[in-house]
Amino acid sequence: MPFLLQALVYLGAAVISVPIAKRLGLGSVLGYLIAGVLIGPFALSLVGEQTDVMKFAEFGVVILLFLIGLEVQPSTLWDMRKAIFGFGGAQVVGTSVAIAGFSMLLGLPWQTALAVGMVLAMSSTAIVLQTLDEKGLRQGPVGRAAFGILLLQDLAVIPMFALLPTLATIAPSVHAEAAGHGGGSLVAHLPTWAQGLSVLAAVGIVVGGGRYLVRPIFRFIAEARLREIFTAAALLIVVGVASIMQMVGLSPALGAFLAGVVLAESEFRRELESDIEPFRGLLLGLFFITVGAGIDLGLVARQPLVLIGLVVGLMSLKFLVMFGLARLFGAPARGAAAVATALAQGGEFAFVLLTFTVGAGVIGATLAALLTAAVAVSMALTPVAMILYERIAAMMDAAIPKVVPDTGEFDDSEPDIIIAGFGRFGQITGRLLTANGFRSTVLDSDIEQIDLLRRFGRRVHYGDATRMDLLRAAGIERARMLIVALDDREKTVELVETARKAYPDLVILARAWDRRHAYDLLANGADAVERETFESALALGTTALQKLGYRAHRAYRAASFFRRHDRKSFEELRPIWGQEEAYILASRDAAQTMDRLLATDLARLRPGDAGGAWDTASLDEELKERAERDASRREGAK
Amino acid sequence: MTDQLEPGEVSTGTEAAATSGVLLTLAHPALERSRANRALAKAAKGLAGVTFHDLYETYPDFAIDIEAEQEKLLAHDVIALQFPLYWYSTPALLKEWFDLVWLHGFAYGIDGNALAGKRLFAACTTGGAAKAYHAHGYNRFSMDDFLRPLEQTAYLCGMVWETPFVVHGAALKNDEDLKAEAGRYKARIASLMTTPADAEMGA
């Protein structure tokens, strides 16, 4: 198939299916996988054999690990040693043994069973990290635990390649060397000690090169100001490291990660990231498409039950082992479930290892084909499993309402003020009022914020302030004032509206997002509003004027002018707010008028004074004239 | 104000027809603590024809709107100032108000005739007793002496300086005394709108 046509098919499939999947809430990974299935040889058959594309696409995983490495400082890595070696090691061993045991129950000889266990213990770095990223879980404890495991799996591949051939039960057909992963290794024929030495040497080259060679080279390139050469150099690093690693039989992804960590502290880190980022996205997308295309729908159709059994068995077994281990390592149930769900699929290493084991005569070709399909399907099901996990978690949240959020006893039954929302805005307002001796009851719906505030000894009640029953419990019937300082535009309007309807005499003050929001709030019954950024922006402007050489009082008065004009135009435009066209026209007019007025006002500023006041120029002139007149009169008198 | 007027030509000016009443300008930074000024203001506020103007409430940040203030001055015949005597003078914001609003070319100077013919009236509360404001008292000068700057301001602007209204020892007065003072004050303000100016009576 011509290259352009092939590119057309891949790009077209991605561009069409990924946004649709995203819109349906399925996530981009599933979108790519579906696109792959559709264009694959077993559905529309728009693309043929995947092996070449697959190899190319796998490079996306290498780039991904390089980018992750860039984010990981060596010290962070050291802090993660327990997660990597403890939890990760336990996972690989535990899952391998569990799957092997289960396979033996199904009648496989122990050698084959163990090989299957090791192959299936691997998870998919690309799918896991991409999925966690999309769910916003990658930076948290879940992401760290998952990442530690994935990193150890990458490491574990090395001994596995050594171990697997010894489990051969079938006469090897082709020599293992031909298989994908170890394919490029130049040292396979060397004795073990020499291989070990070469591995150390390779790692040394990557670390030393990253430390001492890359920086001067990059500085030299950066000075040449050729952006594309910088990008090329960045790619060269990744490709170079991957090749070195492959030569000594290490995982290229692992090497790329190592290189990333070494460069994480260099000043070129951000630039490397932004240069390589697009390649990662595209190549990973391609990788997911090839995985999708590789799912043998024929096999699925012929042995649907076996395959379903395999996939379900694989994922539940991996989930259970991982969940149990995570709990053992002290993770909370929710987090353990998230990690276990995320890692429950087979990984891209399984494809490589399966090819390798078939070659080495460890696993039969039919079984390998079945396992390949099962792994691919399990990868495709991961985003679905994550969605399922989220649904169940949400349902569990709904089933145990108001247990986590503790509203707290409303002991002060007669507050003067109720403050809804106690974040960056409400806190300042609230503290001013409390310092002046007013009693306030504070409601906020952000649990973390409340925990923090409680640790500082402040009484904050948990609750959605838009609920009238909660406001009543907080004492709104006896309060003099409600201050709405929520961070949410719609909720602010909603609360102002309901509170005004229920309590016509209550004084309601509200934090407004911008002018339109302010008008909206006033129209819905707020007594007064304040645009949340207005005063602070003016204050910064005043400081700016001072730093530009204005004396403090002149800067202050200039800001006062501005404030007055702005508030005036706010009132003037209020009646036509809501009539979109008219409002835009009028506000443009008002802005121009204001600028003009402001300019007139400020034009009267002479150095050292402001706005016509203390402007003694006209007086000076009059006094001078008078003095001249007096002088000439004296002349005349003489 | 732009047209040049001969000094003799100015009396009440063209604004006379539109002007009326008293602009009662109150300057007290802590009115909530002042029994005397509250009582006085409350009594005068209710009078028809009095525009009550609380300076510290309007301009807590001293950012006085010059145009708006000049319009207010133009719209009234009597400019009344009510304030506590601080350091033998007006509170800071009232002084700022003069500095910013009573400008050359508006209130005084060859072109500054806007206030000519209007009456300027000061009502003042003091902490010390009446006998302290005397050549032999511990304040060594009379209230008339301390209010000279205002009197001269009126003169420079071509205004009529009305006899000031002073409440001495304001903090020591009991409620009944204050009530009596407030009654006197109210009558005085009312009289400013009905009787001819002091100057015209030949005071």
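What share of the 203 residues in chain B is buried? Buried residues come to 33% here, where a residue is called buried if 20 or more other C-beta atoms lie within 10 Å of its own, exposed if 12 or fewer, and partly exposed in between, with C-beta atoms placed from the backbone. For chain A, the figure is 38% of 638 residues.

A word on the ground rules. This is a predicted model, in which local features need pLDDT of at least 70 and side-chain atom pairs count only at pLDDT 80 or more, while totals for chains, interfaces and linings use all residues. Residues are numbered from 1 along each chain as its sequence is written, and chains are lettered from A and ligands numbered from 1 in the order in which they are written.

On confidence, the model comes with an ipTM of 0.77 and a pTM of 0.54. Chain B has a mean pLDDT (the predictor's confidence in each residue, from 0 to 100) of 87, and 87% of its residues reach 70 or more. Over residues 1–18 of chain B, though, the pLDDT is below 50, and this stretch has 17 contacts in the model beyond near neighbours in sequence. Two residues are in contact if their C-beta atoms, placed from the backbone, lie within 7 Å.

Chain B holds eight helices and six strands, with helices (H or I, at least four residues) and strands (E, at least two) taken as DSSP runs and numbered from the N terminus. Read from the N terminus, its elements go β-α-β-α-α-β-α-β-α-α-β-β-α-α. Strands β1 (residues 22–26) and β2 (residues 50–54) of chain B run parallel and are joined by five bridges; strands pair if DSSP finds at least two bridges between them. Within this chain, B:Leu26 sits opposite B:Asp54 of β2(B). Together with helix α1 (residues 35–45) of chain B, β1(B) and β2(B) build a right-handed β-α-β unit, meaning that, with the strands pointing away from the viewer, the path from the first strand over the helix to the second runs clockwise. Of the contacts in chain B between residues at least 6 apart in sequence, 83% link residues at least 24 apart.

Chain A has 26 helices and six strands. For contacts in chain A between residues at least 6 apart in sequence, the share that joins residues at least 24 apart is 70%. Six strands of chain A form an open sheet, ordered β3-β2-β1-β4-β5-β6, with parallel pairing. Its edge strands are β3 (461–462) and β6 (528–531) of chain A, each of which pairs on one side only. Further in, β1 (residues 417–420) and β2 (residues 440–444) of chain A share four bridges in the parallel sense, and A:Ile419 has A:Val442 in β2(A) as its bridge partner. Helix α21 (residues 489–502) of chain A lies across β1, β4 (481–484) and β5 (507–512) of chain A, at about 170 degrees to β5(A); axes are lines fitted to C-alpha atoms, for helices over the stretch in contact, and angles run from 0 to 180 degrees between N-to-C directions.

A:Asp446 belongs to the loop between β2 and α19 (447–455) of chain A. Because A:Asp446 has 15 other C-beta atoms within 10 Å, it counts as partly exposed. From A:Asp446 to A:Gly463 the C-alpha to C-alpha distance is 8.4 Å, across 17 residues in sequence.

As for the interface, ten residues from chain A and eleven residues from chain B take part in the contact. On the side of chain A that touches chain B, α24 (552–573) and α26 (617–637) of chain A are the elements giving two or more residues.
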